[in-house]
Amino acid sequence: MLEVKDIQKTYPKFKLDCSLEVKQGQVTGLIGQNGSGKSTTFKAILGLIRIDGGSIMLFDKPISQLTVADKEDVGVVLADSGFSVFLTIKDITPVLSNLYSNFDKEFFSKQVDKFELPWNKKIKELSTGMKVKIKILVAMSHGAKLLILDEPTAGLDVVARDELLDILREFLEKDEDNSILISSHISSDLESLCDDLYMINQGKIVLHEDTDVLLSEYGMLKVNEDQFAKLDKDYLLKVKKESFGYSCLTNQKQFYLENYPDLVVENGNIDEVITMMSRGDK
Ligand SMILES: Nc1ncnc2c1ncn2[C@@H]1O[C@H](COP(=O)(O)OP(=O)(O)OP(=O)(O)O)[C@@H](O)[C@H]1O
């Protein structure tokens with residue numbers, strides 16, 4: 001559905017060099033710390049910035065060849081975009097009808113009611129959670145097959161985050177071919193939703209893995225100097241020096257559980273994996 005190959009973008013103090021893929025019917029997450037290049041990647045995909053190299057194919061076409069109808073098949077939520085804060089939901093509904101030939105007014109209205117969003121309040125008076133919900137509902141209301149969501153959970157409390165994930169699950173249930181590309185710097189937001197995760201650090205993808213594999217096969221060994229000396233290091237991805245010895249990231253947790261029964265092997269926690277992939281040595 002979306003194939004980003006070796007795209008490059010150089011800013012004075014930053015270089016993006018990244019590839020990723022979103023398959024039909026899948027939810028793909030892009031996780032990275034602030035400034036790691038998530039928004040730059042999204043802007044490149046949407047043709048909002050010019051890339052210095054690489055290629056981006058969407059719906060099997062280079063993005064420069066997408067038609068207006070193709071573009072309607074993509075629902076977008078960017079961190080710094082939205083409607084005029086002085087308008088109400090009632091005001092924006094006819095605007096959306098004019099903007100999108102496939103705008104599904106009935107679906108939009110039903111969702112606004114379902115999520116108890118106020119029709120007549122100015123958007124500036126709404127909570128952050130409500131504003132995000134509106135943006136996502138708009139992105140979903142014109143027959144999009146792919147949602148591209150840049151940090152939609154930023155600034156939301158736990159309840160609003162859950163509601164947002166429910167909205168996204170509804171989008172996925174609507175059609176089994178629907179897909180999502182979503183970014184966040186909080187991995188726990190994404191692990192229940194995403195089929196696969198890319199981790200980006202300083203403009204580069206440092207890890208791509210199925211979420212299930214990440215959660216079931218990745219693990220963290222906590223070992224002292226002696227244990228570390230005796231450890232088979234073939235299946236370690238990253239090692240970090242600690243006061244007690246070493247933390248070691250592996251993608252073969254089972255191997256260490258079976259062969260080193262005395263070692264502490266903790267389950268893969270995505271935040272730890274990201275920290276290790278970003279900062280660990282090896
Ligand atoms: N127009 C620009 N000119 C110069 N540098 C830029 C420009 N846009 C982004 N950058 C730099 O590129 C880097 C990556 O920014 P980007 O917004 O893609 O990160 P991000 O992962 O989305 O971070 P955040 O979570 O903070 O939004 C940052 O160091 C940023 O300062």
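Q: Before we start, what puts two residues in contact here?
A: Two residues are in contact if their C-beta atoms, placed from the backbone, lie within 7 Å. This is a predicted model, where local features need pLDDT of at least 70 and side-chain atom pairs count only at pLDDT 80 or more, while totals for chains, interfaces and linings use all residues. Residues are numbered from 1 along each chain as its sequence is written.

Q: New topic: what domains does the chain have?
A: The domain assignment, which is an automatic or database one, gives domain 1 (2–212) and domain 2 (218–279).

Q: And how far apart are their centres?
A: Taken over C-alpha atoms, the centres of domain 1 and domain 2 are separated by 35 Å. Their contact takes seven residues from domain 1 and five residues from domain 2.

Q: What about the ligand, which residues are around it?
A: Counting residues whose C-beta atom, placed from the backbone, lies within 6 Å of the ligand, they are Tyr-11, Phe-14, Gly-32, Asn-34, Gly-35, Ser-36, Gly-37, Lys-38, Ser-39, Thr-40 and His-185.

Q: Which helix gives the largest share of that shell?
A: Helix H1 (residues 38–45) does, with three residues. Helices here are DSSP runs of H or I with at least four residues, numbered from the N terminus.

Q: How does the shell divide by residue type?
A: Into two nonpolar, eight polar and one charged. Ala, Val, Leu, Ile, Met, Phe, Trp, Tyr, Cys and Pro count as nonpolar, Asp, Glu, Lys and Arg as charged, and the others, Gly among them, as polar.

Notes
Helix = DSSP H or I, 4+ residues; strand = E, 2+ residues; numbered from the N terminus.
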